[in-house]
Amino acid sequence: MQNMTGKRTHHIACNLCEAICGLEIKTDNGEIQSIRGDKQDPLSKGHICPKAVALQDIYKDPDRLRTPLKKTADGWREITWTEAFDEVSNRLKNIQRAHGNNAVAVYLGNPTVHNLEALIYGPMFFRTLKTRNRYSATSVDQLPEQLVSLMMFGHSLLIPLPDLDRTRFHIIFGANPVVSNGSMMTAPGVTRRLKAIRQRGGKLVVIDPRRTETAALADQHLFIRPGSDVYMLLAMLNVVFSEGLQTLGSASEFTAGLEHVESFVKDFQPESVASKTGIDPQAVRSLVREFCQAEGASCYGRIGVSTQRHGTLTQWLITVFNIVTGNLDIPGGTMFSQPAFEILKAAPPGKKGFADHYSRVRNLPNFNGEFPVAALAGEITTTGEGQVRALITNAGNPVLSTPNGQRLDEALGELEFMVSIDIYLNETSRHADIILPPVMGLERPHYDVAFQALAIRNGAKFSPAVFTPGREQRSDLQIFTELAWRMQKGNMFSKLGGWFKKVTLQRLGSGWIIDRRLKQGPYAKSHNLTLKKLKQNPHGIDLGAMRPCLPGRLFTRDKTIKLAPAGFVAELKQLGNVTPADHAEPVANGFDLQLIGRRDPRTNNSWLHNSRRMVKGKQRCIALIHPQDAESRGLESGDMAQVSSRVGSIRIPVQINADIMPGVISIPHGWGHQVEGIKLSVASEHAGVNTNILTDDHFLDSVSGNAALNGVPVSLSKVN
Ligand SMILES: Nc1nc2c(c(=O)[nH]1)N[C@H]1C(S)=C(S)[C@@H](COP(=O)(O)OP(=O)(O)OC[C@H]3O[C@@H](n4cnc5c(=O)[nH]c(N)nc54)[C@H](O)[C@@H]3O)O[C@H]1N2
Ligand SMILES: Nc1nc2c(c(=O)[nH]1)N[C@H]1C(S)=C(S)[C@@H](COP(=O)(O)OP(=O)(O)OC[C@H]3O[C@@H](n4cnc5c(=O)[nH]c(N)nc54)[C@H](O)[C@@H]3O)O[C@H]1N2
Ligand code: SF4
Ligand SMILES: [Mo]
């Protein structure tokens, strides 16, 4: 345990959120003395947020699990890893033998992506299951972005990123990076970067139903009615073409479909959509003109526009807007990263025929081998061939994070068998029969495969483990390779081969994969990039700003960008045909407000609330409403209100706030720790309520099946 003794300084990347800030952690005999920003990290330059210290709290947390748990008639019992692996593999095999492979489902949560071993070795295990019932947090998050990239650029991970450090005009739709620290845009210290746009004479515009912390930094904030962004973008594109501002720049030689775009935006003048969006037509016109005049302009949209009814169309039109204004693949526009560990080649581009098969019960489309998680509860509760009877969750808390969480909560109770690979006994894992707790972020080595690929500057960094795990603990590599071997079907020889592979991989660790990928990667020659070199440069290595790379980097067969994929255009044609019963009409059924989400600087989805430092002080789980909406209901700040939707009701204190648009109510997600049977002593004292009791598993992005967590029609009344 050489990394536990004496005073030591460790340099690693924080793995809590997408900003991957460099941390400097000082330890003394296995105790953390301090966690600070690493000033020498070339990407984050010393930035950290208030959450970084939560790593220490999670590491020390007495509630965190370190050995497997089994549910028994007398409560949870600690069991050995061998017992746990035996039980998990036997139960899964028996269920698959009796009911077919699809009877076992998998749900992968967000921290999976922040964990190298889970990303690399998890799939080894999941493949052995041969089940089509795969789900993940992707479908409550960035599924639209991935689908758009697949359809337009040929690879679901070739995501255009705003060139934030050089842009001279930046429009943000439905994101609050000052609080979230940026998403699908790794840009640590994003507040500084946004301020710098204005300092160099550029402009920042935020389009959001709430005047957010990011809007407070902007030159201009436009309130927009939730879910109506697609109309705003159609109007913006209409102005581009009607004023002859369209230009593809150097992309003209490899971009197809400009004439289609021109024809489908023709009827959407800013004046004709103003009643839907609530945005002044003149503001739309000047926004577009200024954007087109800027040398290097970028338009970006995130959770507020992805997790809504028109998520895919909105993300598509944002990308189209960037392209037809000549801002794709140029400095200051939106560009593509060139990561040192090339995931685009490691990962398949994505199922070519999006939606070439559909979920059993609700016919929701499959994407990259996954169904939307909104389909999961129904797959568990609906009897018949292919019914889900067992579930594996990895680093996910879908009871708190997916729509109609209460229905899923009940459905999980009906499973024959459930296993959670998770470090906590929480709202979701309490339904498990077995919990397998891997090591936490400070106890494992890391290379950020996913977020280096989404970074606005190219770079590479290796994070060694800060602490050696205890003997009783297991790494993700050990857990996944063990389960993969045990689930492997076939004769004695293939099983022996499997055993050999498991033992070899466990001996090797994950370093060799990083090393191999770096040596095969684009900086192998230019920078002699190897794992050894990264270890010699513990703060990380800067590989420069994003560079133009098209058409070479396109994955479409004919190396062209598809501006107008047929499926998207067809969906656009449906836009006009909204019926009164449609969820898009919030006033229908007395649901006269629209629910949106909100993040807090000290939260990380559902799972940092067991750190006292993250929950102390003001109450965070409150609803924000506009003074008009408060007055009409006789509500005052601090009052308890009942909020109801088609699927559920919650009670929550309200706060009156003029920064929110009339007709809109904002409630953060990730709360609701008052349930029985969890082991989260601090979080239980600061329970809050689960807003995903209100979000509707039948209110989805019509194209992708991504959950529409924003814009949900709700009613609000005072609780006497
Ligand atoms: N209403 C509403 N709902 C939302 C959102 C919203 O904006 N509004 N946002 C959505 C988004 S963007 C996302 S990404 C999802 C997140 O959805 P999920 O990923 O399902 O939920 P998390 O809260 O991130 O839960 C993470 C789980 O991983 C566990 N965990 C933490 N670290 C580790 C680890 O190192 N190993 C393992 N094995 N487990 C670990 C935690 O204990 C917790 O159980 O929520 C979505 N839900
Ligand atoms: N502190 C903190 N940071 C986090 C997380 C966290 O839970 N806490 N979660 C992490 C995760 S998993 C993710 S994916 C990212 C998400 O990162 P962001 O996308 O920046 O997420 P939010 O802060 O929720 O910002 C979404 C914004 O969309 C607005 N909005 C809602 N509906 C609409 C709409 O219809 N149209 C428009 N234009 N705007 C709308 C909301 O008012 C809100 O300001 O954050 C990450 N960072
Ligand atoms: S911004 Fe994200 S990566 Fe940076 S310190 Fe905070 S949680 Fe960690
Ligand atoms: Mo997310």
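How much area is buried between domain 1 and domain 2, and what share of that area do carbon and sulfur atoms give? About 1,900 Å² is buried, and carbon and sulfur atoms give 61% of that area. Buried area is the accessible area (1.4 Å probe) that two parts lose on being put together, summed over both.

## Model and conventions

This is a predicted model: local features need pLDDT of at least 70, side-chain atom pairs count only at pLDDT 80 or more, and totals for chains, interfaces and linings use all residues. Residues are numbered from 1 along each chain as its sequence is written, and side-chain values use heavy atoms, with hydrogens and water left out.

## Domains and contact

Domain 1 spans 147–338 and domain 2 spans 583–718. These bounds come from an automatic or database domain assignment. The domain centres, taken over C-alpha atoms, lie 27 Å apart. Domain 1 brings 21 residues to the contact and domain 2 brings 26; contact means heavy atoms within 4.5 Å.

On the domain 1 side, R210, P226 and R309 lose the most area to domain 2. Together they account for 34% of what that side buries.

Between the domains, the count is 1 salt bridge (a side-chain nitrogen of Lys or Arg within 4 Å of a carboxyl oxygen of Asp or Glu). The side chains of R211 and D659 meet in a salt bridge at 2.5 Å, N to O.

## Make-up of the domain 1 side

By class, the side of domain 1 that touches domain 2 has 8 nonpolar residues (Ala, Val, Leu, Ile, Met, Phe, Trp, Tyr, Cys and Pro), 4 charged (Asp, Glu, Lys and Arg) and 9 polar (the others, Gly among them).

Terms used:
Chains lettered and ligands numbered in written order.
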